[in-house]
Amino acid sequence: MLNPDSEWREKLDQYAPYFQDLFRRLYILTICFIVFFGIGFFSSAPILRFATYFFDFKDVVLATTSPFQLVDLAMDVGLFFAGVCVMPLILYHFYTFIGGGLRKVEKKVFFLLLPFIVLLFLFGFAYSFSILYFAMQALADLNVSLGVKNLWNISLFLSQIVSTSAWLGLIFEFPIAITFLIKLGFMDVGFLKGKRRHAVFGMFLLTSLLPPTDGISLIMMVLPLVVMYEATIMYNRIGSRQLVT
């Protein structure tokens, strides 16, 4: 009878090279993140000047409420810049780490989906950014018409725009996730059709958690998600028919 301790050591020795490789990659990604964070932090001044110039809304004053607010905003810029720059490295190390265990077809699917992942995120980010831009201008005009002055917190203003756009960009990735689950057999097109109302409710619920909370912006953000949901059903239905024929 094998000793449990010796059996555990054998398993640990078997997977030790994989853990060492994983820790090595995480170490590299951490160093890269710190370097890119430093670049973004010390380059935040021209980025903030461009942001204040771009968001030069009529009758709106962007202001700070504390002497350390610009430092916090510079840290947010550094974190966002580091996240964007490190993401391609994460995808590269993820593929090279699991690539040895993938079949040729799975590698092909990975490379086919990769550009769609990037394009959907960029499309979601840009779409949300444009909706927020016009929504903010409309809200500023509404405040002026009510006799309210627009003195906006620059840190909260910029962080809401960037975070909302980034989150909506991630939500725009759901067609790829659904298609992946269908290919693995965890769900089918009939399930998507039956849960259509629940899916639309979930889209409204998730999007309502993101600023702004006015009804028009909410509908404008949810509308492309509903269209993408229907397109996902149609795409997978056509794909399943082709497999049958």
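This passage describes the fold of one chain and the surroundings of selected residues.

The model is predicted. The chain holds nine helices and two strands. From the N terminus on, these elements run α-α-β-α-α-β-α-α-α-α-α. The chain has 245 residues, and 29% of them count as buried. Contacts between residues at least 6 apart in sequence were also examined. Of these, 82% join residues at least 24 apart.

Helix 2 spans residues 44-54. Its buried residues are Ser-44, Leu-48 and Ala-51. These residues cover an arc of only 60° around the axis, which puts them on the same side of helix 2. A general rule of helix geometry applies here. An α-helix has 3.6 residues a turn, so residues three or four places apart point the same way. The face of helix 2 turned away from the buried side carries other residues. Arg-49, Phe-50 and Tyr-53 are the exposed residues found there.

Helix 2 meets helix 3, which covers residues 69-98. The two axes come within 10 Å and cross at roughly 100°. Angles of 65 to 115 degrees count as roughly perpendicular. Helix 2 and helix 3 are therefore roughly perpendicular to each other. On the helix 2 side, the contact is made by Ser-44, Ile-47 and Leu-48. On the helix 3 side, Leu-70, Leu-73, Ala-74 and Val-77 take part. By class, this contact has six nonpolar residues, one polar residue and no charged residues.

Ala-74 belongs to helix 3. Its relative accessibility is 6%, so Ala-74 counts as buried, the cut-off being under 20%. Leaving out residues up to four places away in sequence, Ala-74 touches Phe-41 and Ser-44. Ala-74 and Phe-41 are 33 residues apart in sequence. In space, their C-alpha atoms are 5.3 Å apart.

Gly-78 is also placed in helix 3. Gly-78 counts as buried because its relative accessibility is 0%. With residues up to four places away in sequence not counted, Gly-78 touches Phe-36, Phe-37, Gly-40 and Phe-41. Phe-41 is therefore touched by Gly-78 as well as by Ala-74, with contact meaning heavy atoms within 4.5 Å. Gly-78 and Gly-38 are 40 residues apart in sequence, yet 6.5 Å apart in space from C-alpha to C-alpha.

Thr-96 is a further residue of helix 3. At 30% relative accessibility, Thr-96 counts as partly exposed. A polar atom of the Thr-96 side chain lies 3.1 Å from the backbone oxygen of His-93.

Another threonine, Thr-164, is placed in helix 5, residues 154-171. Thr-164 has a relative accessible area of 1% and is buried. A polar atom of the Thr-164 side chain lies 2.7 Å from the backbone oxygen of Gln-160. Apart from neighbours within four places in sequence, Thr-164 is in contact with Ser-128, Leu-132, Leu-210, Pro-211 and Met-221.

Asn-150 is found in strand 2, which covers residues 150-153. Asn-150 is buried, with a relative accessible area of 5%. The side chain of Asn-150 has two polar contacts to backbone oxygens. One is to Ala-140, at 3.1 Å. Another is to Asp-59, at 3.2 Å. Setting aside neighbours within four places in sequence, Asn-150 is in contact with Asp-59, Val-60, Val-61, Ala-140, Asn-143 and Val-144.

Asp-59 itself is found in the loop between helix 2 and strand 1 (60-63). At 44% relative accessibility, Asp-59 counts as partly exposed. Asp-59 is not a glycine, although its phi is positive, at about 60°.

Technical notes. Residues numbered from 1 in each chain as written. Predicted model: local features only at pLDDT ≥ 70, side-chain atom pairs only at ≥ 80, totals over all residues. Heavy atoms only, no water. Buried < 20%, exposed > 50% of the residue type's maximum accessible area, 1.4 Å probe, protein only. Helix = DSSP H or I, 4+ residues; strand = E, 2+ residues; numbered from the N terminus. Arc of directions from axis to C-beta. Axes fitted to C-alpha atoms, helices over the stretch in contact; angles between N-to-C directions. Parallel < 35°, antiparallel > 145°, perpendicular 65-115°, else oblique. Nonpolar A, V, L, I, M, F, W, Y, C, P; charged D, E, K, R; others polar. Polar contact = N/O pair within 3.5 Å; in protein donor to acceptor, adjacent residues only side chain to side chain.
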